[in-house]
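Have the structure open while you read.

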Amino acid sequence: MSDDLTWLLVRNNSSFLVKRNGLELSSEPNNLTNLNSFKYSGLANKKAIGITPGPSNRGVTVVAKKTNIASYKPAKAINKVTLTKGVRRSAKSFTSLLTKSHYRPDLRKAALARISAIYQSQKPPKVHAKKTGRRHTKKPKN
């Protein structure tokens with residue numbers, strides 16, 4: 001089935017479709033921005049990229065669809081690579097892995113933003129010392 005026909009069937013009727021506050025979002029796998037659009041759809045496109053947090057919440061896992069596998073073997077049509085070297089090295093690896101090989105170069109910016117957001121969420125929260133400002137402490141009267 002062609003990508004366009006798949007999109008026509010999936011765009012309004014899908015179990016992944018979420019409509020809230022005037023937005024149409026999608027929770028499908030391999031959708032980088034979670035928008036319900038043909039460009040980012042992981043179901044309708046033969047070439048799709050998905051980025052998820054890595055195992056044990058360390059690094060990111062990049063998922064790409066293989067195009068030369070038959071459609072009735074969906075488990076074998078996925079290529080997974082886990083990147084755990086940090087934000088900059090993971091971004092460099094991603095760009096050399098997929099976008100320089102001309103595999104959906106239009107998704108590069110959204111994918112790099114997703115990688116950065118996942119790494120940001122995996123950082124431990126900063127613990128700040130409790131502030132004791134001057135205006136909150138009582139001064140002893142002489």
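1. A word on terms before we start: two residues are in contact here when heavy atoms of theirs lie within 4.5 Å. Also keep in mind that you are looking at a predicted model.

2. Let's begin with a loop residue. S41 sits in the loop that links strand 2 (23-26) and strand 3. Is S41 buried or exposed? With a relative accessible area of 2%, S41 is buried, because anything under 20% falls in that class. Which residues does S41 touch, once neighbours within four places in sequence are set aside? The contacts of S41 are W7, E28, N30, N31 and A48.

3. Three strands make up an open sheet, ordered 3-4-5, with antiparallel pairing. At its edges you'll find strand 3 and strand 5 (78-83). Each of these has a single partner strand, so one side of each has no neighbour in the sheet. From one strand to the next, the twist averages 20 degrees.

4. Take the pairing of strand 3 (residues 49-53) with strand 4 (residues 60-65): five bridges join the two, and they run antiparallel. If you want a spot to look at, find I49, which is opposite A64 in strand 4. The hairpin formed by strand 3 and strand 4 has six residues between the strands. In that hairpin, check S56, where phi is positive, near 55 degrees.

5. On to the other pairing. How many bridges link strand 4 and strand 5? There are six, again in the antiparallel sense.

6. Helix 2 (residues 87-99) lies across strand 3, strand 4 and strand 5, and runs at about 155 degrees to strand 5. Helix 3 (residues 108-122) packs on the sheet too, touching strand 3, strand 4 and strand 5. The direction of helix 3 makes about 5 degrees with that of strand 3.

7. Last, have a look at R108, which belongs to helix 3. Its relative accessible area is 42%, so R108 counts as partly exposed. Beyond its neighbours within four places in sequence, R108 is in contact with F94, T95 and T99. R108 and F94 are 14 residues apart along the chain, and 8.8 Å separates their C-alpha atoms.

Definitions and conventions: Residues numbered from 1 in each chain as written. Predicted model: local features only at pLDDT ≥ 70, side-chain atom pairs only at ≥ 80, totals over all residues. Heavy atoms only, no water. Pairing = 2+ DSSP bridges. Helix = DSSP H or I, 4+ residues; strand = E, 2+ residues; numbered from the N terminus. Buried < 20%, exposed > 50% of the residue type's maximum accessible area, 1.4 Å probe, protein only. Axes fitted to C-alpha atoms, helices over the stretch in contact; angles between N-to-C directions.
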